[in-house]
Amino acid sequence: MDIKEAIRSRHSVRKYKDTPIPEDIVTKLNILIDACNEESGLHIQLITDDPECFDTLLAHYGWFRNARNYIALVGPKTLPDLDELCGYYGEQIVLAAQVLGLNTCWVAGTYSRGKCKADQDKGEKIVCVIAIGYGETEGTKHRSKPVDKLCSVPVSDMPVWFKNGVKAAMMAPTAMNQQKFIISLEGDEPVITAGRGPMTLIDLGIVKYNFEAASGHKCR
């Protein structure tokens, strides 16, 4: 599975099998997480075999089951673009997990911050977490807004690389599937802008990573 296939096949999964993540896969994920932290200044951590983080009424209401493993997206409060960075690097890890045969779900509110086992250094905060494990299913595809609602460039005017990026961005997970972003093209530079609302900057980072991974072009 390459990155484009991972983007197409990855869907949110809330119900997991009671199957541990093998140590070799944990090691591969931690190597990637260490690289992401080194590059970004974040303090992302993989926590395994911890059922307490999702032991809340909201988690049960949100139909989480056997969610015992998660990626905690942690970073310094003073870090510029903290939410966007968490979205960007979190999505990189999510897609790597998909390639490794795992399933994931971005979680902003239906978990217990107080029970989360992630380390927080002074001045850091937990932005959100990502449930990870072997899903009971592969999840289902989310509905997307029409391309003309998400991109200011007519389809007929899109370069092939840009079209690939837009398609991948449209498949990116966003909070409550609101897709509050706009993609434009300034000269040869793709630009993605976040709308207003909760979690939109996390979503912006997720969308940017999908676009760049599929198009091969950096965006701002």
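A residue is called buried when its relative accessible area is under 20% and exposed when that area is over 50%, with partly exposed residues in between. Keep these cut-offs in mind during the tour, and remember that the structure in your viewer is a predicted model.

**Stop one: the aromatic rings**

Select tryptophan 161 and phenylalanine 211, and you have two residues that are both buried. The structure holds seven aromatic pairs, and the next one to select is formed by phenylalanine 54 and phenylalanine 64, a tilted pair whose rings are 5.1 Å apart, centre to centre, with 35° between the planes. Because phenylalanine 54 lies in the loop between strand 1 (45-47) and helix 3 (57-61), while phenylalanine 64 lies in the loop between helix 3 and strand 2 (70-76), the pair ties together parts that are ten residues apart in sequence. Phenylalanine 54 has a relative accessibility of 5%, so it counts as buried, and phenylalanine 64, at 10%, counts as buried too.

Now go back to tryptophan 161 and phenylalanine 211, whose ring centres are 6.5 Å apart and whose planes stand at 90°, so that this pair is edge-to-face. Tryptophan 161 belongs to helix 6 (residues 160-170) and phenylalanine 211 to helix 7 (residues 200-215), and the pair therefore ties together parts that are 50 residues apart in sequence.

**Stop two: helix 2**

Select residues 23-40, which make up helix 2; its 18 residues should span 26 Å at 1.5 Å a residue, and its end C-alpha atoms are 25 Å apart, which agrees. Within helix 2, colour Ile25, Val26, Leu29, Leu32, Ile33, Cys36, Asn37 and Ser40, which are buried. These residues cover an arc of only 140° around the axis, so they are on the same side of helix 2. If you turn to the face directed away from that buried side, you will find the exposed residues Glu23, Ile31, Asp34, Glu38 and Glu39. Show also strand 1, helix 4 (82-99) and strand 4 (124-133), which are among the parts that cover the buried residues of helix 2. After helix 2 comes glycine 41, which has a positive phi, near 85°.

**Stop three: asparagine 103**

Finally, select asparagine 103 in strand 3 (residues 103-107), a buried residue with a relative accessible area of 2%. What does its side chain reach at 2.8 Å? The side chain of asparagine 103 reaches the backbone nitrogen of glycine 135 at that distance, and it also makes a polar contact, at 3.0 Å, with the side chain of glutamate 138.

Technical notes
Residues numbered from 1 in each chain as written. Predicted model: local features only at pLDDT ≥ 70, side-chain atom pairs only at ≥ 80, totals over all residues. Heavy atoms only, no water. Helix = DSSP H or I, 4+ residues; strand = E, 2+ residues; numbered from the N terminus. Buried < 20%, exposed > 50% of the residue type's maximum accessible area, 1.4 Å probe, protein only. Polar contact = N/O pair within 3.5 Å; in protein donor to acceptor, adjacent residues only side chain to side chain. Phe/Tyr/Trp six-rings, centres within 6.5 Å; stacked < 30°, edge-to-face > 60°. Expected span 1.5 Å × (residues − 1). Arc of directions from axis to C-beta. Contact = heavy atoms within 4.5 Å.
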